[in-house]
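The exercises below ask for careful reading of a structure, and each is followed by a solution worked in steps. Please look over the sequence and the model before starting.

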Amino acid sequence: MSRAFVIVMDSVGIGGAPDADRFFNDGVPDTGANTLAHIAQACAGGRAEEGRSGPLHLPHLDALGLGAAVELASGDAAPGLGATPQGLWGAATEISPGKDTPSGHWELAGVPVPWEWHYFTEHENSFPTDLVARTCSLAGTEGILGNCHASGTMIIAELGEEHIRTGWPICYTSADSVFQIAAHEEHFGLDRLLKLCEDLAPTLHAMKVGRVIARPFTGEPGAFARTANRRDYAIPAPSPTLLDWAEGAGRVTHAIGKIGDIFSHRGVTHLHKGKSDADLGAHLIRLADEADEGSLTFANFVEFDSLYGHRRDVSGYARALEWFDGVAGAFMARLRPGDLAFFTADHGNDPTWTGTDHTRERVPLLGFGPGLGSRAIGQVGYVDLAASIAAHLDIPAQGPGKSFL
């Protein structure tokens with residue numbers, strides 16, 4: 001029996017989305033955004049020298065066809081990524097009306113989003129009064145702190161001391177369709193925070209807000225730090241996804257990182273979490289050795305996005321890419337005959353772009369398996385990945401995609 005692996009490099013877009021003019025960062029359309037090409041160009045121009053140096057170096061991913069995928073998607077050059085493709089390679093286009101984590105992952109798993117997400121667009125006093133009242137009622141407090149757009153680390157630094165003094169939860173949002181609650185693990189209580197988010201989630205989901213996110217932290221004023229106990233309460237996908245298809249066919253599924261949360265833990269047999277992408281890389285390499293025959297492993301590596309894309313840190317993003325390329329090489333070296341692995345992304349987050357939001361882009365599809373050889377698949381849809389994985393695993397596909405295998 002064959003195995004399949006889907007590895008999402010969160011936000012590693014390659015430009016060229018045909019509808020980028022409909023999506024914005026600080027009022028500027030995403031037309032021309034290209035996460036990977038612009039990072040590569042900055043590296044080649046000596047503008048990404050913090051903690052690394054020189055042209056972007058991704059020998060394993062480029063050998064699969066990463067540089068060729070950038071050119072196919074957007075026509076842009078990615079200096080340093082010029083290898084002749086040795087894998088299965090192409091570019092995928094999204095149709096869901098969002099450039100967020102759930103939209104991208106669900107569509108890669110065969111389910112386009114059929115609705116418009118709700119966003120809290122006001123930067124101050126972001127939440128309606130009835131939502132604030134509901135939050136206070138569930139939290140047992142007289143008010144909330146924040147109620148604004150904010151960076152998670154910055155708002156904790158600014159309001160953490162007042163949070164400890166008042167006991168009020170810190171509630172904030174971003175350009176994404178999210179409602180985030182930060183609270184101190186000891187002073188507020190981790191279990192209490194998770195229960196608050198879980199109880200509040202149905203209210204937000206009814207509004208078509210994609211996720212309620214618990215953001216626990218510890219420490220004292222001047223030295224607060226978020227912990228690894230984050231939990232996302234995501235709205236369930238509107239129909240069965242690739243994970244459900246595999247589970248329904250009696251296959252074992254492994255979810256690495258945020259995948260369990262993104263898919264509301266549906267179709268997940270085993271969950272593998274960690275404090276960092278380094279931990280998740282170790283899980284991926286281990287599962288290349290240990291995953292069951294006929295299984296599906298679905299992984300998300302989030303730090304490209306969370307640590308570097310939103311913060312517009314080009315050097316940090318480049319360092320993360322070069323680190324991950326080593327993980328990819330070690331992982332691929334362990335795959336067995338008959339295995340198939342795809343490296344892809346869910347959206348873009350160009351660190352050279354204006355604003356702090358994701359960018360609407362096409363994403364790479366890079367396939368590898370011992371004996372698979374080289375093949376160009378051209379421009380395809382996100383949903384075609386799910387159909388292709390289903391075909392490889394010989395399980396029924398229920399979505400609109402078509403296999404390119």
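A cavity, in these exercises, is a set of points on a 1 Å grid over the protein atoms alone where a 1.4 Å probe fits but cannot get out, and its lining residues have an atom within 4 Å of a point. Grid points are joined across faces, edges and corners, and a volume is the space filled by probe spheres set on the points. The model is predicted, so local features need pLDDT of at least 70 and side-chain atom pairs count only at pLDDT 80 or more, while totals for chains, interfaces and linings use all residues. Residues are numbered from 1 along each chain as its sequence is written, and side-chain values use heavy atoms, with hydrogens and water left out.

**Exercise 1. Cavities**

Find how many cavities of 30 Å³ or more the whole structure holds, and state which residues line the largest cavity.

Solution. A search of the whole structure returns 1 cavity of 30 Å³ or more. The space in the largest cavity is about 30 Å³. Its lining is made up of D100, P102, W117, S177, V178, G210 and R211.

**Exercise 2. Salt bridges across the sequence**

Solution. Helices (H or I, at least four residues) and strands (E, at least two) are DSSP runs, numbered from the N terminus.

- Step one: D30 and K99 form a salt bridge with an N to O distance of 2.6 Å.
- Step two: in the salt bridge of D261 with K273, the closest N and O atoms are 3.4 Å apart. D261 is buried at 3% relative accessibility, whereas K273 is partly exposed at 39%.
- Step three: the side chains of D289 and R334 meet in a salt bridge at 3.5 Å, N to O. D289 is partly exposed at 43% relative accessibility, and R334 is partly exposed at 36%.
- Step four: a network of salt bridges links D19, R22, E94 and R360.

**Exercise 3. The annotated positions**

Which residues does UniProt list for "binding site", and why can they be said to gather at one spot?

Solution. The unreviewed UniProt entry lists D10, D346 and H347 under "binding site"; UniProt positions are given in the numbering used here, feature names are shortened, and annotations may be inferred rather than shown by experiment. These residues span 338 residues in sequence, yet no two of their C-alpha atoms are more than 7.2 Å apart, so they gather at one spot.

- Step one: D346 lies in the loop between β14 and β15 (363-368), and D346 is buried with a relative accessible area of 0%. Contact means heavy atoms within 4.5 Å, and beyond four places in sequence the contacts of D346 include D10, S11, E94 and H105.
- Step two: H347 lies in the loop between β14 and β15 and is buried, with a relative accessible area of 1%. Not counting residues up to four places away in sequence, H347 touches D10, S11, K99 and D100, among others.
- Step three: a polar contact is a pair of N or O atoms within 3.5 Å; within protein, one must be able to donate a hydrogen and the other to accept it, and residues adjacent in sequence count only if both atoms are side-chain atoms. The side chains of H347 and D346 are joined by such a contact of 3.2 Å, and the side chain of D346 makes one of 3.5 Å with the side chain of H105.

How values were computed. Salt bridge = Lys/Arg side-chain N within 4 Å of Asp/Glu carboxyl O. Buried < 20%, exposed > 50% of the residue type's maximum accessible area, 1.4 Å probe, protein only. 1 Å grid on protein atoms, 1.4 Å probe; cavity = no way out; pocket = protein on both sides within 12 Å on 5 of 7 lines; lining within 4 Å.
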